[in-house]
Amino acid sequence: MRHRDRGADVREPTVVAADAADYFQTYSVVGLLAVVGVLFVAVAFGAGRLLRPVVPTPEKLLTYECGVDPVGEGWAHTQVRYYVYAFLYVIFAVDSIFLFPWATVFAAPGYGATTLVEMFVFLGFLAVGLLYAYKKGVLAWT
């Protein structure tokens with residue numbers, strides 16, 4: 001039986017092929033952009049490798065860290081309390097960001113009491129965390 005003899009129920013495959021071609025054409029643009037990006041980076045790195053001067057000296061081969069000359073061992077004792085203070089600061093700075101949307105919602109009519117209770121619960125959790133840190137001696141500098 002030939003294709004024309006099947007009847008009117010048969011869909012034309014050209015519609016599906018056209019949709020697939022459009023679909024893959026949009027991805028070909030993305031693929032072409034990715035290839036151009038990779039080529040741009042490869043050319044930039046290659047040009048840097050070809051154009052830079054290569055004069056290794058003992059000073060250039062030394063490890064350099066924040067302006068401190070590499071003298072002694074590679075391991076150094078660091079006080080953890082500085083990191084604890086920095087961590088506590090980040091926690092309270094991020095938590096204070098939540099006060100601004102709360103103040104906006106608190107001013108809206110009908111939300112006053114609910115948002116006030118929610119904020120006191122939130123501040124209560126912060127206070128408990130700060131009290132816990134104080135009781136554990138985290139906030140003692142010495």
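Which residues in α3 meet which residues in α4? The tour gets there in a few stops.

**Start with confidence.** This is a predicted model. Color the chain by pLDDT. The mean for the protein chain is 78, and 79% of its residues reach 70 or more. Now select helix α1, residues 13-51. Confidence is highest here, at a mean of 85. Then select α3, where confidence is lowest, at a mean of 75. Keep a rule in mind: where pLDDT is low, the predicted coordinates should not be read in detail.

**Next, the annotated spans.** An unreviewed UniProt entry lists residues 29-51, 82-103 and 115-134 under "transmembrane region". Select 82-103. This span is 95% helix and 0% strand. Its end C-alpha atoms lie 32 Å apart. Move on to 115-134. Here the chain is 100% helix and 0% strand. The end C-alpha atoms of residues 115-134 are 28 Å apart.

**Now α2 against α3.** Select residues 80-97 for helix α2 and 99-107 for helix α3. Their axes are 4 Å apart, and the packing angle is about 20°. Angles under 35 degrees count as roughly parallel, and α2 and α3 are therefore roughly parallel to each other. Show side chains at the contact. From α2, pick D95, S96 and I97; from α3, pick L99, F100 and P101. By class, this contact of α2 with α3 has four nonpolar residues, one polar and one charged.

**Last stop: α3 against α4.** Turn the view to look across the pair: the crossing of α3 and α4 is left-handed.

Here is the answer to the opening question. On the α3 side, select L99, W102, V105 and F106. On the α4 side, select G112, T115, L116, M119 and L123. Sorted by class, the contact of α3 with α4 has seven nonpolar and two polar residues, and no charged ones. Finish on L99: this α3 residue is listed in the contact with α2, and also meets α4.

Notes
Residues numbered from 1 in each chain as written. Predicted model: local features only at pLDDT ≥ 70, side-chain atom pairs only at ≥ 80, totals over all residues. Heavy atoms only, no water. Axes fitted to C-alpha atoms, helices over the stretch in contact; angles between N-to-C directions. Helix = DSSP H or I, 4+ residues; strand = E, 2+ residues; numbered from the N terminus. Parallel < 35°, antiparallel > 145°, perpendicular 65-115°, else oblique. Contact = heavy atoms within 4.5 Å. Nonpolar A, V, L, I, M, F, W, Y, C, P; charged D, E, K, R; others polar. UniProt positions renumbered as here; feature names shortened; annotations may be inferred. Left-handed = near helix turned anticlockwise from the far one by under 90°. pLDDT = per-residue confidence, 0-100.
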